[in-house]
Amino acid sequence: MKRLLEYVGFEPERLYVKWISGSEGQKFADTATEITENIKKLGPNKKMRDAQ
Amino acid sequence: MSTKAIDKNKLSELLNSLLFKQTLIAPVEAEEDILLFKNVESADQVVLDYQNTITPVKDWFFSQTEELFEFKNKITELEINDLPATDGEYILFGARPCDLKSVELLDLVFDEDGEFSDSFYKEKRDRTTIIGLSCSEPGAYCFCNSLDGLSPTATCNADIMLTEMDGDYLVEVLTDKGEKLVSDNSSYFSDKYSEEDKETRTEEIVSNMKLTVDVDDIEAIMQKEDVYLSDYWQELSLKCLGCAVCTYICPTCHCYDIRDYSRGNAGIRYRCWDSCMFNDFTEAAGDHNPRPTRRERVRQRFMHKLRFFDERYGDTGCVGCGRCLEKCPVNLDITRVISDVKELA
Amino acid sequence: MSKETELVRNKAKELLEDGDVELVVGYEEGTYPSRTTPLFADTLEKAERLIWNPFCVNSLPKLLSKGHFEDKLAVFVKGCDSRTVIRLLQDNQLDRDEVIVLGIPCNGNVDLDKIKDKVDITTIIEVEVTNNGVNVKTEGSTEELSREEALYDKCLDCRFPNPVIADEVIGNEVSELPKNKNKDDEVASLANKSVAEKNEFWEAHFERCLRCYACRNACSACTCRDCLFDRDERSTWLAKGKTLSDNEAFHITRAFHVAGRCVDCGECERVCPVGIPVQKLNRKISLDMDNLFGIGEIATSEDDIDNPPPLGTFLTEDPEEFM
């Protein structure tokens with residue numbers, strides 16, 4: 001899916017799929033921080049935003 | 001009203017000058033061999049020697065998706081606001097006779113001047129001046145000449161009609177709107193041709209038509225019960241894939257659905273094309289479907305074109321543009337259907 | 001009458017006469033001799049209308065998947081269509097015992113849209129497709145065209161000119177076809193472009209989509225009776241309206257729905273009225289599937305029917321990029 005979205009012109013950094021177990025609190029926090037930082041760098045997504 | 005002439009090179013000058021004041025919608029090549037009516041920014045983009053666009057001009061007057069109004073749910077009341085009305089003036093350039101005829105038919109459906117006039121359609125229709133363009137070379141699938149009141153040079157309800165001659169165009173000015181456009185731009189036009197010149201040219205073009213079909217009495221034949229109940233429709237439906245190519249590229253198909261785009265407590269209600277070829281088209285509550293199989297759906301399409309439209313509006317619902325037989329993935333051919341049905345009766 | 005047409009008619013009549021089948025599905029002449037349309041022949045008279053020529057393009061097996069047929073039937077297939085048969089058998093859309101597959105090797109199909117500027121398609125009498133080119137004979141003349149000029153793009157890098165499943169093969173086997181085009185290279189070069197370029201490429205194409213769903217309805221792998229795109233009123237993320245976003249959502253979703261099941265028949269791209277290169281999307285996923293799951297080319301023989309599609313099964317050695 002990630003490969004397909006990249007192929008049709010989405011920035012690959014926008015889609016994350018990660019396995020995090022309930023006991024991996026730190027991994028969850030780190031992942032959320034990483035995603036947030038990357039998305040902030042990219043700015044708002046313009047693709048597929050013309051619909052209401 | 002009057003017959004004039006315009007040089008080929010002057011035509012693009014005229015279009016460019018019109019562009020300053022009005023929005024021009026004309027056939028452009030969106031992709032190799034894919035011609036569509038689109039807003040044009042310069043006359044260079046306009047394609048003149050095309051046979052038929054993929055989508056018909058109905059897409060301009062009756063857009064595939066058209067927003068109707070905004071709504072907002074304010075707990076105790078529902079607020080409904082009109083969307084900003086269409087403004088500006090438009091010129092639809094290069095419509096072929098089959099598409100012109102289809103606008104004539106859609107005028108009947110959307111009740112252009114009647115009590116229940118569709119305001120969205122009417123708004124665009126009233127603000128648009130139509131410049132038609134006769135076909136010089138009819139396409140392989142064109143059969144307009146077989147239908148009443150149609151030919152590759154028929155003017156139908158164009159405001160101005162152009163017919164390609166040798167080095168220039170014969171211009172017929174047909175309505176007040178057309179008269180206004182020509183008098184406002186009179187320097188581009190000259191007096192050269194007469195009505196007889198048009199007739200001679202029409203004969204020349206008609207002799208190049210490849211496909212013909214005899215539509216005499218087709219409405220009466222389609223009304224017969226044994227035609228309606230015939231196994232023919234079952235046989236025909238076997239090859240139909242059930243997609244909507246035929247209905248979406250048909251210049252006279254006009255069915256639409258009404259849906260909402262909503263987010264939170266606000267949204268927009270819009271309408272969009274729908275197709276009788278889809279199985280959910282007639283699906284009702286409780287999963288009841290009066291047209292449960294492709295047999296009924298395929299029959300409906302031809303019945304509507306050749307019988308119901310005539311019963312309701314007194315004219316055949318087909319304009320002979322040939323788009324459906326050309327683009328149908330399995331070449332389900334309306335001219336073949338017409339001649340097959342005649343044999344059934 | 002061409003040799004192939006004669007073989008096709010004789011075979012159909014033989015099967016109907018012997019009572020082996022109730023129905024033979026083939027092609028007959030359409031609007032013109034150069035246009036074909038499916039024919040469901042249940043009588044010897046109808047079998048006389050069957051033809052076979054390089055214009056027999058649309059996939060016939062797909063027409064059989066609707067569950068409309070109770071009788072035993074026979075169907076003519078080219079190499080590409082035979083892979084559709086595998087797809088339908090694997091998806092339980094066809095019953096192997098109820099269908100006789102008649103395979104016909106194919107050198108490539110002629111695309112009328114490509115040749116219509118060079119020849120008057122209404123007067124075509126005969127066409128011969130060889131490895132070197134395409135000879136189009138019309139009432140007035142004979143035109144020699146290259147394969148690139150005359151054949152469907154999907155035929156230009158065909159890897160399956162011969163049926164991969166058939167109860168009987170009619171006509172001579174085709175040895176390897178010339179590779180006039182390399183679709184996989186085109187996919188790779190598009191994939192290597194920048195995000196902005198890819199976005200621009202696809203948006204220009206998706207913007208034209210009419211949402212007529214011809215690609216879906218012609219697809220060998222799209223066999224759901226109730227498709228989610230006909231159920232948009234229950235969806236908040238895909239509307240019936242034609243906007244660029246909705247069009248994109250449709251294409252991306254559909255492509256992913258046939259991931260690992262697409263047999264690369266190219267019908268989606270052929271039937272698209274506005275020329276969207278749908279196959280470039282599906283082929284990318286097929287290549288990714290091979291890359292991830294090592295499935296190679298799917299539906300290449302009858303044995304493949306027992307190989308479940310990669311996204312329809314779970315193996316412990318499946319890649320886990322998300323761990």
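This is a predicted model: local features need pLDDT of at least 70, side-chain atom pairs count only at pLDDT 80 or more; totals for chains, interfaces and linings use all residues.
Local features need pLDDT of at least 70 and side-chain atom pairs count only at pLDDT 80 or more, while totals for chains, interfaces and linings use all residues; side-chain values use heavy atoms, with hydrogens and water left out. Residues are numbered from 1 along each chain as its sequence is written, and chains are lettered from A and ligands numbered from 1 in the order in which they are written.

**The two chains**

Chain B has 13 helices and eleven strands, and chain C has twelve helices and eight strands. Helices (H or I, at least four residues) and strands (E, at least two) are DSSP runs, numbered from the N terminus. The radius of gyration of chain C is 20 Å, close to the 20 Å that the globule rule gives for 323 residues, so chain C is as compact as a globular protein of that length.

Along the principal axes, the C-alpha trace of chain B spans about 65 × 60 × 40 Å, and the C-alpha atoms of chain C fill a box of roughly 60 × 45 × 40 Å. Buried residues (under 20% relative accessible area, 1.4 Å probe, protein chains only) make up 57% of the 345 residues in chain B and 58% of the 323 residues in chain C.

**Chain C against chains B and A**

Contact here means heavy atoms within 4.5 Å. Buried area is the accessible area (1.4 Å probe) that two parts lose on being put together, summed over both. A salt bridge is a side-chain nitrogen of Lys or Arg within 4 Å of a carboxyl oxygen of Asp or Glu.

| Interface | Residues in contact | Buried area | Salt bridges |
|---|---|---|---|
| Chain C and chain B | 49 of chain C, 47 of chain B | about 3900 Å² | eight |
| Chain C and chain A | 28 of chain C, 20 of chain A | about 2000 Å² | four |

Of the area buried between chain C and chain B, 50% is on carbon and sulfur atoms. C:R35, C:L210 and C:K240 supply 16% of the area that chain C buries there, more than any other three residues. The side chains of B:E326 and C:K116 form a salt bridge (3.8 Å, N to O). Elements of chain C that each supply at least two residues to this side include β1 (23-29), β2 (36-41) and α8 (195-208). By class, this side of chain C has 16 nonpolar, eleven polar and 22 charged residues. Ala, Val, Leu, Ile, Met, Phe, Trp, Tyr, Cys and Pro count as nonpolar, Asp, Glu, Lys and Arg as charged, and the others, Gly among them, as polar.

Between chain C and chain A, 65% of the buried area is on carbon and sulfur atoms. C:S245, C:I252 and C:F322 lose the most area in chain C to chain A, together 28% of what that side buries. A salt bridge joins the side chains of C:E248 and A:K47 (2.5 Å, N to O). The elements of chain C that give two or more residues to this side are α7 (183-191), α8, α10 (244-257) and α12 (278-293). The largest share, eight residues, comes from α10(C). The residues of this side divide into 16 nonpolar, four polar and eight charged.

Definitions and conventions:
Buried means under 20% relative accessible area, exposed over 50%, partly exposed in between (1.4 Å probe, protein chains only). The radius of gyration is taken over C-alpha atoms; the globule rule is 2.2 Å times the number of residues to the power 0.38.
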